[in-house]
Amino acid sequence: STKKFNMSAVASPAGTTPGSGQRHYPRGFADASHRKHASFNTGVIPLESSKLVDCIFDDISSEGSELSHKALLRLMAIYKQNTLEAALSLVDKGMVQKLVAASGRSLYLVEGSGTQPYVCFKHYCPCYYYYKNVINRPEALACKHILAARIGEALCKIETLKASNEDYINWMRTQEDAVTGAIPTPRRTPKASA
């Protein structure tokens with residue numbers, strides 16, 4: 001059976017009411033969601049942040065198929081609470097799959113509100129949130145789709161699908177089509193002819 005993650009039980013200090021609309025964090029963690037980390041000023045995920053996140057997911061993988069309290073606290077320190085809750089919900093509902101091509105390349109298929117799943121990678125998703133909050137105005141390290149894929153894979157709770165290289169390419173094309181619809185195309189001004 002799949003264990004449901006109860007964020008309010010972990011995040012609410014004793015004596016507070018979960019669901020009261022207030023954000024509660026474990027002792028020692030401040031609400032830092034309104035502040036940007038200095039590393040976010042670059043417009044790209046800094047290598048140090050990426051390595052830190054990779055280490056956290058390596059630790060989660062080594063702990064087994066359940067998310068420990070310690071791992072959850074570490075994730076809460078890095079990701080916004082609503083993003084983490086949404087990602088855990090996607091994993092709980094079985095809405096994440098990993099597609100592995102014959103060549104060994106892989107991608108994640110994460111169901112969203114549309115008819116087609118998002119085609120995500122470890123550090124990229126074509127959703128609007130990722131474009132807006134990770135790429136354009138760096139305020140987050142990932143969207144719920146990427147986070148769900150990473151958590152699900154670390155906990156061995158996502159289905160892995162084998163695919164031919166041709167099928168993999170077709171999913172990549174689906175992702176390319178999704179990007180052109182989600183991310184506004186910059187307007188190009190024609191060069192003046194001399």
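1. Helices (H or I, at least four residues) and strands (E, at least two) are DSSP runs, numbered from the N terminus. The model is predicted: local features need pLDDT of at least 70, side-chain atom pairs count only at pLDDT 80 or more, and totals for chains, interfaces and linings use all residues. Residues are numbered from 1 along each chain as its sequence is written, and side-chain values use heavy atoms, with hydrogens and water left out.

2. Seven helices and four strands make up the chain's elements. Their order along the sequence is α-α-α-α-β-β-β-α-α-β-α.

3. Helix α6 (residues 144–154) has nine of its 11 residues buried, so the rest of the structure largely encloses it. Buried means under 20% relative accessible area, exposed over 50%, partly exposed in between (1.4 Å probe, protein chains only). Among the buried residues of α6 are His-145, Arg-150 and Ala-154. Cys-156, which follows α6, has a positive phi, near 55°.

4. The four strands of an open sheet are ordered β3-β2-β1-β4, with mixed pairing. Its edge strands, β3 (118–120) and β4 (159–163), each pair on one side only. Two strands count as paired if DSSP finds at least two bridges between them. Strands β1 (residues 96–101) and β2 (residues 106–110) run antiparallel and are joined by five bridges. Val-100 stands opposite Ser-106 in β2.

5. Of the 194 residues in the chain, 37% are buried. Among contacts (heavy atoms within 4.5 Å) between residues at least 6 apart in sequence, 62% join residues at least 24 apart.
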